[in-house]
Amino acid sequence: MKITIIGTGYVGLVTGACLAEVGHDVFCLDVDQRKIDILNGGGIPIHEPGLDQVVTRNVAAGRLHFSTDVIASVAHGDVQFIAVGTPPDEDGSADLQYVLAAARNIGKHMSNFKVIVDKSTVPVGTADRVSAVIADELKARSSSLEFAVTSNPEFLKEGAAVADFMKPDRLVIGHGQDAQGTRAQIMLREVYSSFENSGHQIYWMDVRSAEFTKYAANAMLATRISFMNELANLADKVGVDIDAVRKGIGSDPRIGPGFLMAGCGYGGSCFPKDVQALVRTAQEFGHDLKILQAVEEVNEQQKHVLVSKIFSQYGSDLRTKQFALWGLAFKPDTDDMRAASSRVLIKELLLAGASIVTHDPVAMDEAQRVLALDFVESPDLLKQIRFENDAMQALDGADALIIVTEWKVFRNAVLSEMKQRLKHSVIFDGRNLYDPREVQALGIEYHPIGRAVLT
Ligand code: NAD
């Protein structure tokens, strides 16, 4: 099928590359000339394991194209996926300006029946707004062309996006029940036929329920994390090992083992903004989502948990302290720094006068870009932070190591070498990477999250 993907970011690029991989003819559009130039030059603008091979293979096969040409992009795809960003607006609601701009372009330039697929995470009712924008554009040029707007939220995880897209737990597609909606269902079944044929379940539903399903999924996952973080903070006080508790409850099939790791808060481009947006949608309907408000509040507090532990160890004047900081990205295997816990920690440490030597396997360039924006009013503070290409060298002479991202390479680091390099062998571990017994047996002072019984 001829498919257009509007927005060539984390979701759009993976969607485009993977749909080309299963044989479709895919046109990826972006307004960001820099991204398109990188892609057309054979590069990949984001870090995502395995993505470069899929892109290279499909570009070579002539099934994957990148462009900033809006008119050509509308002409290309019978199915037009909208995968642009939906960042939080000032009040926490999803900012739909990019989605609606994409819709406007489709309405302006389409010349045959189109299926529009909202793949961006959008609040309930967005498909109606997308329809209205397209209908307005068609009316302005007295066109009676038909179209259908559908919802197909994306559940991939950054860091495992290609694998998640190629082997989805499930596909959720919302479509209308009218003639256009039925036509859209037939076309989307064809788009995803190779997935359905290999046993991946598609849940067909109405459009609003599909839109809501994405928020419900992220809200549930965020809730599990905040729930465990809140219990971990109590575990620290009452002398309980939260990791033992995690195993003890996760083995219950009614609970399941996933998303129960305590830590220094969730970040990224999805959970924080999607929880906020759902809370905001509820408020618009005069409804309070009490649990989700607490989930967000707990997470904001949790991003400060390491600093609290550091302050209670050293006091709040850190001018004589140097910390090694491992991990900047909001999670491993990505360079994404959106809402990363490291940003909160760095701000507090620098304001308290500390110096930091930091390392992240892939996110250091992106970190320097976002930190320059975070510190736009106090750029001198950034002189206190140094980016180090070698994780072990970042430890040299530090008063303590702080861990914020659970990269495998950190988990597998040799503790005895770490101890040797640190000036004082102290670790504040925001991701509970190590076995406390092993760390303590080496004479390292260990401050994990919620494992006080062992420290
Ligand atoms: P992103 O910022 O990486 O990419 C969005 C891209 O859209 C950018 O490259 C931007 O230049 C482009 N763009 C903006 N307006 C455009 C327009 N009018 N025409 C063409 N291109 C345009 O964002 P992302 O992380 O890929 O997220 C996209 C959507 O998918 C969001 O709604 C997000 O919530 C959702 N989502 C993200 C993830 C994830 O892990 N990142 C997972 C599931 C769902």
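Mentor: Before we start, a cut-off we'll need: angles under 35 degrees count as roughly parallel, over 145 as roughly antiparallel, 65 to 115 as roughly perpendicular and the rest as oblique. Keep in mind that this is a predicted model.

Trainee: How do the residues of the contact of helix 10 with helix 13 divide into nonpolar, polar and charged?

Mentor: From helix 10 come Ala219, Ala222, Thr223, Ser226, Asn229 and Glu230. Helix 13 answers with Ile291, Leu292, Val295, Val298, Asn299 and Gln302. Sorted by type, that contact holds six nonpolar, five polar and one charged.

Trainee: Moving on, how do helix 10 and helix 12 stand to each other?

Mentor: Helix 12 covers residues 271-284, and the two pack at an angle of about 115 degrees with their axes 9 Å apart. The crossing is left-handed. With 65 to 115 as the range that counts, helix 10 and helix 12 are therefore roughly perpendicular.

Trainee: How many residues are nonpolar in the contact of helix 10 with helix 12?

Mentor: Helix 10 brings Tyr215, Asn218, Ala219, Leu221 and Ala222, while helix 12 brings Phe271, Asp274, Val275, Ala277 and Leu278. One residue of this contact is polar and one is charged, and the nonpolar count is eight.

Trainee: What about helix 11: which residues of it does helix 10 meet?

Mentor: Helix 10 runs over residues 207-238 and helix 11 over 242-250, with axes that come within 10 Å and cross at roughly 135 degrees. That makes them oblique to each other. On the helix 10 side sit Met228, Leu231, Ala232 and Ala235, and their partners in helix 11 are Ile242, Val245 and Arg246.

Trainee: Let's zoom out. How far apart are the C-alpha centres of domain 1 and domain 2?

Mentor: Domain 1 spans 2-205 and domain 2 spans 221-454. Their contact takes 15 residues from each of the two. On the domain 1 side, those residues divide into eight nonpolar, five polar and two charged. The C-alpha centres of the two domains lie apart by 34 Å.

Trainee: Which strands stand at the edges of the open sheet?

Mentor: The sheet has six strands in the order 11-10-9-12-13-14, with parallel pairing.

Trainee: Last one: what is the bridge partner of Val357 in strand 11?

Mentor: Strand 10, residues 355-359, pairs with strand 11 in the parallel sense over three bridges. For Val357, the partner in strand 11 is Arg386.

How values were computed:
Residues numbered from 1 in each chain as written. Predicted model: local features only at pLDDT ≥ 70, side-chain atom pairs only at ≥ 80, totals over all residues. Axes fitted to C-alpha atoms, helices over the stretch in contact; angles between N-to-C directions. Helix = DSSP H or I, 4+ residues; strand = E, 2+ residues; numbered from the N terminus. Contact = placed C-beta atoms within 7 Å. Nonpolar A, V, L, I, M, F, W, Y, C, P; charged D, E, K, R; others polar. Domains from an automatic or database assignment. Pairing = 2+ DSSP bridges. Left-handed = near helix turned anticlockwise from the far one by under 90°.
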